[in-house]
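The following exercises concern the structure shown below. Each task is followed by a solution worked step by step.

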Amino acid sequence: MKKDIARKDRSPRRRRLPLARLTTRIPTPNKFRIDPAFFGRVVESLSEYAVLTLDRDLNLTSSNAAAERIFGYTANELKGKAVALLFTPEHRDTGLPQLEFSTALEKGRAEDQRYHVTKDARRFWSYGLSFPLIDGASTVQGYVKIVRDESERKRKEDLLLERQERLQLAVDATGMGTWDYIPSSGTLELSGAAKNLLDLPPDA
């Protein structure tokens, strides 16, 4: 009996680590974080898009180089100013800036195509996108507004529309009929004058 006890005493004992050392070895969940420097480089690389950040009171907090080129203001000139500064006077009078960001907050984003104004009061046609900045606690920290100058596209569209209207007036004045063939669908569309000349009903 004594020999058995001796052998049991000589058996290797399991080593216990201090609790503190064990807890330091337990991995903690990683949280995804955006490097501010990397984010800044991404924003600055958007050379065709003005990127503006706003606080909850719709005051501008930052802007990229494209914003300076498009609007004519430096980042320091814009910082702290109300975003309404970049809207046309009639839009400011109707409360459109507030409506835009309340829509963005309600729906998650707000898209627009409208005129904005530059530092020298020049108006330009733009495409815009606004959305709220929300932290992990679902608290609104501010907003982001992205603007692209679409003046050239707008000019071309207006010119094309003007030419189409002039052509239509000329056609109507001469009483000529016109038709359009659509290859993708294999359909033929005739103007009202063409249907009259061909003695076709209006719904033909």
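**Exercise 1.** Determine whether Asn-64 is buried or exposed, and identify the backbone atoms that its side chain reaches.

*Solution.* Step 1: Asn-64 counts as buried because its relative accessibility is 3%, where buried means under 20% relative accessible area, exposed over 50%, and partly exposed in between (1.4 Å probe, protein chains only). This is a predicted model, in which local features need pLDDT of at least 70, side-chain atom pairs count only at pLDDT 80 or more, and totals for chains, interfaces and linings use all residues. Residues are numbered from 1 along each chain as its sequence is written, and side-chain values use heavy atoms, with hydrogens and water left out.

Step 1: Asn-64 belongs to the loop between β2 and α4; helices (H or I, at least four residues) and strands (E, at least two) are DSSP runs, numbered from the N terminus.

Step 2: The side chain of Asn-64 comes to 3.0 Å from the backbone nitrogen of Val-51. A polar atom of that side chain also lies 3.1 Å from the backbone nitrogen of Ala-67.

**Exercise 2.** Identify which residues of the largest nonpolar core touch the most other members.

*Solution.* Step 1: A nonpolar core is a set of buried Ala, Val, Leu, Ile, Met, Phe, Trp, Tyr and Cys residues joined through side-chain atoms within 4.5 Å.

Step 1: Among the 18 residues of this core, those touching the most other members are Leu-52, Leu-54, Leu-60, Phe-71, Val-83 and Leu-86. At least two core residues come from each of β1 (49-54), α4 (65-71) and β5.

Step 2: Not counting residues up to four places away in sequence, Leu-52 touches residues including Leu-60, Phe-71, Leu-86 and Tyr-143, contact being heavy atoms within 4.5 Å.

**Exercise 3.** Classify the accessibility of Leu-190 and list its contacts.

*Solution.* Step 1: Leu-190 lies in strand β7 (residues 187-190). Its relative accessible area of 24% makes Leu-190 partly exposed.

Step 1: Leaving aside neighbours within four places in sequence, Leu-190 contacts Thr-178, Trp-179, Lys-195, Leu-198 and Leu-200.

Key:
A polar contact is a pair of N or O atoms within 3.5 Å; within protein, one must be able to donate a hydrogen and the other to accept it, and residues adjacent in sequence count only if both atoms are side-chain atoms.
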